Amino acid sequence: MGYTPGGFGAFGSRTLPFAPLRFAQGRGADEGVRPYTGYNFGMRWVIAGLMLISLGGQPRAQEKAAAGARVVTVPATIDHNRVVIQGDLRLPDGSTQTVRVWVDNGDPELNLSRRLATLLSLPVKCGDQECSSPPPAEIVIGGMSVPLSPVKEAKIPLRPVNEAAVLAPGMNAEINLPSSILRLYDVLIDFVERKFSIGAPGTIHFHGAAGKALVNAGNGLVQVPSQIEAKKYNLALDVGSSISFLSEELFDKLAAAHGDWPRMTGAVGSANMWGASEETKWKVISLDRVQFGPLFLTNVPMVAVPKPVLEFFEKRAAIPTVGVVGSNMLLNYRVGLDYAHSTVYFDLGRTYRFPDFDVVGMILRPEGDGRFTILGVADIDGKPSVDGVQSGDHLEAVNDLSVRGATIGQVWSMLGGTPGQEKKLSIDRGGKEFSLTAKVQHFLGESQQNTYGKKK
């Protein structure tokens, strides 16, 4: 889920040049883990395949068995709270291309990069804003074939030739797995152990607190009956969104009634989704408590959504809604989606509080060429949280580690830390590079003064 990088107008397109960087901290880390359910076709499968390759026909027999699997589990990367896995696409010459796949149950549209469309020899048609093509026939995940034929058209971002591999800036995936495909399966997103499971209906044994959901039968979008301050609402469940959203009308009512709830202006950390210019003005508040189906969530950061965007949400979901619970509030859970029975499951795996807003307070825009433009600086205690940078500067490195080609999740892992910790920033301004020191700040914290009211 999420708005198009150009603004809130269309939700769906996203991108990524492959980033080779790996970080062992935060949610930018790439970990393989033991399977929670289903089969494991990760590193053990690779090692076993190498050991048995001399046996000739046995690997081919194993491949056939994998293709017929009814449920599989694969490692997942949690990057900027988004779930990215690996999949295989078959090319016209019979070979396969391994690609990174964004699991996005909040978007019914299939999106892929222009590079993949070219490799697959798909006929591409372009308009003023985007291109389109027929979808690939299937994608293979962990050896299991997942047909893409339920989608009639694939969306392709209209980008320069040198950005052909970019699906959405700041991500290293070239195709998404949308709700219109996921709705045909059992799905388990294990944020705790970083795994993804998909199987035929009835093949995954779900655990945890269960709650009924409202599933759009046509596109698979999920709404969960919820409560805020004892009033009933519907909130979308969207693991493709790095942050949660709330209608601006309800946001303003809650902000006026609860002056003590932490709030700020400017999208930093997980709220810095795509780097649209609007993100410098986004209003963010931490709700004291939200009942989301069977869950009771506390200190829930949410971004105010303007009325036209909320109406777009409602039109796609075909049901009244007041916002979205994104993956920023689900990182401690194994989230099960039983589409066949319109039921969601939340299995608590840990109680860690992720410090998404203990960061250097810049709002960034990932560019298609792998650079990061500084759009602005968030205020804290009524003053700019970072001195010496200007809108339009480029962030080149953090503590002498280059950020070019990194994902936005990796960059925010580099900019995060303990409040008061100093970070050395390398900045490019008009071709001239200089360094400055910025401190990690505690945004959306109780110690922060209410600057939202002053700005308003």
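Colleague: For residues 447–456, how many contacts beyond four places in sequence does the model have?
Modeller: The model has 23 of them for that stretch, and pLDDT stays under 50 there. Keep in mind that this is a predicted model.

Colleague: What does the protein average for pLDDT?
Modeller: The average is 87, and 83% of the residues score at least 70. Over residues 2–66, though, the pLDDT is below 50. That stretch still has 161 contacts in the model beyond near neighbours in sequence.

Colleague: New topic. Where is G106 found?
Modeller: G106 sits in the loop between β4 (96–104) and β5 (110–111).

Colleague: Is G106 buried or exposed?
Modeller: G106 has a relative accessible area of 6%, and buried means under 20%, so G106 counts as buried.

Colleague: How far apart are G106 and A317 in space?
Modeller: They are 9.8 Å apart, C-alpha to C-alpha, while 211 residues apart in sequence.

Colleague: Back to β4. How many bridges join β3 to β4?
Modeller: There are 8 bridges between β4 and strand β3 (residues 82–90), and the two run antiparallel.

Colleague: Which residue in β11 does W102 stand opposite?
Modeller: In β11, W102 stands opposite N176.

Conventions
Residues numbered from 1 in each chain as written. Predicted model: local features only at pLDDT ≥ 70, side-chain atom pairs only at ≥ 80, totals over all residues. Heavy atoms only, no water. Helix = DSSP H or I, 4+ residues; strand = E, 2+ residues; numbered from the N terminus. Buried < 20%, exposed > 50% of the residue type's maximum accessible area, 1.4 Å probe, protein only. Pairing = 2+ DSSP bridges. pLDDT = per-residue confidence, 0-100. Contact = heavy atoms within 4.5 Å.
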